[in-house]
Amino acid sequence: MAIATATNLYTSYSPITTKTRNNKSVSIPLQPGAYISRHVKFAVPIQKRTTLSISAASTTAIQVDGPTTSSKASKTLPFRVGHGFDLHRLEPGYPLIIGGIDVPHDRGCEAHSDGDVLLHCVVDAVLGALGLPDIGQIFPDSDPKWKGAPSSVFIKEAVRLMHEAGYEIGNLDATLILQRPKLSPHKEAIRANLSELLGADPSVVNLKAKTHEKVDSLGENRSIAAHTVVLLMKK
């Protein structure tokens, strides 16, 4: 008859089979779960390390099942990743402001604030990485105090919340999608201003611009969109 005792604490992940012969004792690592031998059935309801000592007068096989427990993610992460997206309709009579830079064009973004599509999606990316509400919840367009407000106000608040949580910009990658105007003459000014607003080195801020090949509202110059992915690093 096998005699089984559980002592100490341990974690193991792979199912294993251990045999004892000639009255010898062996020790094997066990993960919490149920274990069955030829002569004994037992459970190990722990989450740390357990060493099982087995003595048997005859050959005994122990089958160990895989892990059934899970651990919670740490609340303090070394880095966080966020994604932002925004789209605005282009209409005559509005300025086209991108990344805080006034870009000459015959149309601009119709919006409650200044309609800066790039800064809006950067704010959402930072807030998302921090697990906070989105820009529309923190700065609702139903609040008259944000009417015509420069989006630099929103991004400064996002940066404040980021620093308050103990993070800084690791890197940022943004893509603007619009048919017109061409952004090549303005890209460096936009990137430099965005880096300054974020308090980040320009080398970690990337900006790309693409057309929509004349497809849908973006390609027909009726709207402008932006995507941003941001990496926040623990200070």
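# Close-up views for a first visit

**Glu91 is partly exposed, with a relative accessible area of 27%.** Partly exposed is the class between buried, under 20% relative accessible area, and exposed, over 50%, using a 1.4 Å probe and protein chains only. Before you look further, please note that this is a predicted model, in which local features need pLDDT of at least 70 and side-chain atom pairs count only at pLDDT 80 or more, while totals for chains, interfaces and linings use all residues. Residues are numbered from 1 along each chain as its sequence is written, and side-chain values use heavy atoms, with hydrogens and water left out. The partner to find here is Arg89, whose side chain meets that of Glu91 in a salt bridge at 3.2 Å, N to O. A salt bridge is counted when a side-chain nitrogen of Lys or Arg lies within 4 Å of a carboxyl oxygen of Asp or Glu. Arg89 is also partly exposed, at 48% relative accessibility. Look for Glu110 as well: Arg89, Glu91 and Glu110 are linked in a network of salt bridges. By this rule the count comes to six salt bridges.

**Lys208 and Asp173 form a salt bridge between two strands.** Their N and O atoms are 2.7 Å apart. Lys208 belongs to strand β13 and Asp173 to strand β12, so this pair ties together parts that are 35 residues apart in sequence. Strands (E, at least two residues) and helices (H or I, at least four) are DSSP runs, numbered from the N terminus. Both partners are partly exposed, Lys208 at 26% relative accessibility and Asp173 at 30%.

Arg191 counts as partly exposed, at 23% relative accessibility.

**The largest nonpolar core holds 44 residues.** Such a core is a set of buried Ala, Val, Leu, Ile, Met, Phe, Trp, Tyr and Cys residues joined through side-chain atoms within 4.5 Å. Ile98, Leu118, Leu176, Leu194, Leu198 and Leu232 touch the most other members. Two or more residues come from each of β9 (96-98), α1 (117-129), α3 (152-164), β12, α4, β13 (205-210) and β14 (223-234). Among these, α1 gives the most, with 10 residues. In soluble globular proteins, nonpolar side chains tend to be buried together.

**Two core residues, Ile98 and Leu232, deserve a look at their neighbours.** Ile98 sits in strand β9 and is buried, at 0% relative accessibility. Setting aside residues up to four places away in sequence, Ile98 touches Val103, Asp116, Leu118, Leu176, Leu183, Ile190 and Ile224. Contact here means heavy atoms within 4.5 Å. Leu232, with neighbours within four places in sequence left aside, has contacts that include Pro78, Phe79, Val126, Met162, Tyr167 and Ile169.

**Helices α1 and α4 pack at an angle of about 35°.** Their axes are 12 Å apart; axes are lines fitted to C-alpha atoms, for helices over the stretch in contact, and angles run from 0 to 180 degrees between N-to-C directions. The crossing is right-handed. On the α1 side the contact is made by Leu118, Leu119 and Val122, and on the α4 side by Ile190, Leu194, Leu197 and Leu198.

**Helix α3 has 13 residues and spans 18 Å.** That length, from first C-alpha to last, is close to the 18 Å expected at 1.5 Å a residue, where the expected span is 1.5 Å times one less than the number of residues. Ser152, Phe154, Ile155, Ala158, Val159, Leu161 and Met162 of α3 are buried, and the buried residues of this helix pack against α1, α2 (135-138), β12, α4 and β14. Just after α3, Gly166 takes a positive phi of about 90°.

**The loop between β12 (167-177) and α4 (187-198) includes Pro181.** The peptide bond from Arg180 to Pro181 is cis, with omega near -5°. Most residues other than glycine have a negative phi, and most peptide bonds are trans. Gln179 is found in this loop too, and is buried, with a relative accessible area of 12%. Not counting residues up to four places away in sequence, Gln179 touches Thr211, His212, Glu213, Lys214, Leu218, Gly219 and Asn221.

Notes
A crossing is left-handed if the near helix is turned anticlockwise from the far one by less than a right angle, and right-handed if clockwise.
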